[in-house]
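Let's walk through this structure together, starting with the overall fold and ending with its charged side chains. Keep the 3D view open as you read.

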Amino acid sequence: MLIEFTKMHGLGNDFMVIDLVTQRMTLTPELVRLLADRRIGVGFDQLLIVEPPSRPDVDFKYRIFNADGSEVSQCGNGARCFASFVQARKLSFKQRLRVETASGIIVLTTDRYGWVQVDMGKPKFEPDEIPFAPKAITKIGNAYRLDVDGTPVQLYVANMGNPHAVIKVDDVLSADVERLGALIESHEAFPERVNVGFMQVVNQRHIRLRVFERGVGETQACGTGACAAVATGIREGWLDEGVDIRAQLYGGSLAIRWQDGYSLMMTGPTAFVYEGVFSPDGLAASAGIKLDPDADNVY
């Protein structure tokens, strides 16, 4: 059995996209990890799955898997690629899509230039909404002081469909992203792990950002991470409210707009890289793994 797929990216945040509306396959964490391997598989930050809707008021169901095989609730760059993919594959001719995710319904709108705007919903900041549960909370305004390997780190928390910690830095290029990102991602205060963003405020309409994503590591771009950083910056008064904020990442820039009380809107480009086919059983056999469709961890 051969499965068709498409390789895409949003600002360098790369995805393997599989249509499970017209195809059928069984996913397991082992298979996701094999596909994510950049030596023996396809290689990606996340795997995006297009499924038929499970309710009548949406167009599709959208599922996201990290490179380590874990399933997550939302991915902003992936959502834009999702919209471009279903239109390119003629699964839908709508310019405006309502899509079901694990974190709720999102709305995707494609303009005439091929850019996609994503209604990301309202950011959440309360600890139990992240979730964020440190043993002892030291709060400074809206920020929290967290002990990270014996060092106090001041951070902000936000949920944009998945959990984010945001750290304000003077210069993203010199930020200790790899070490601090890994330590905070798996910190006991974040029971579902967390994405860690390092944000430099250039001016009131421009930020620079690096993100260490849970289950992946540092990526070229992170849409929900950019949204969490901008929402935090607006909430703290560092950024202007109700106008487009430029979120500059390694892979390019996003336009993000938010006014308190309303949904946060993210707009950016997508890119197609190539299309191909793979054999799930063949890939597993080459790695000496037997896929068990009856296992408890089948998705």
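The chain has five helices and 19 strands, where helices (H or I, at least four residues) and strands (E, at least two) are DSSP runs numbered from the N terminus. Its radius of gyration is 19 Å, close to the 19 Å that the globule rule gives for 299 residues, so the chain is as compact as a globular protein of that length. Here the radius is taken over C-alpha atoms, and the rule is 2.2 Å times the number of residues to the power 0.38. Before going further, please note that this is a predicted model: local features need pLDDT of at least 70, side-chain atom pairs count only at pLDDT 80 or more, and totals for chains, interfaces and linings use all residues. Residues are numbered from 1 along each chain as its sequence is written, and side-chain values use heavy atoms, with hydrogens and water left out.

Along the principal axes, the C-alpha atoms fill a box of roughly 55 × 45 × 35 Å. Of the 299 residues, 53% are buried (buried means under 20% relative accessible area, exposed over 50%, partly exposed in between, with a 1.4 Å probe and protein chains only).

Now to the charges. Side chains of opposite charge can pair when their charged atoms come close. A search of the whole structure finds 17 salt bridges, each a side-chain nitrogen of Lys or Arg within 4 Å of a carboxyl oxygen of Asp or Glu.

One of them joins Arg98 to Asp57, with the closest N and O atoms 3.5 Å apart. Arg98 sits in strand 6 (residues 96-101) and Asp57 in the loop between strand 3 (46-51) and strand 4 (60-66), so the pair ties together parts that are 41 residues apart in sequence. Arg98 is partly exposed at 28% relative accessibility, and Asp57 is partly exposed at 35%.

Another salt bridge pairs Asp68 with Arg193, at 3.2 Å between the closest N and O atoms. This one links distant parts of the chain, 125 residues apart: Asp68 is in the loop between strand 4 and strand 5 (71-72), while Arg193 is in the loop between helix 3 (177-185) and strand 13 (195-203).

Finally, look for Lys7, Asp14, Arg38 and Asp45, which are linked in a network of salt bridges.
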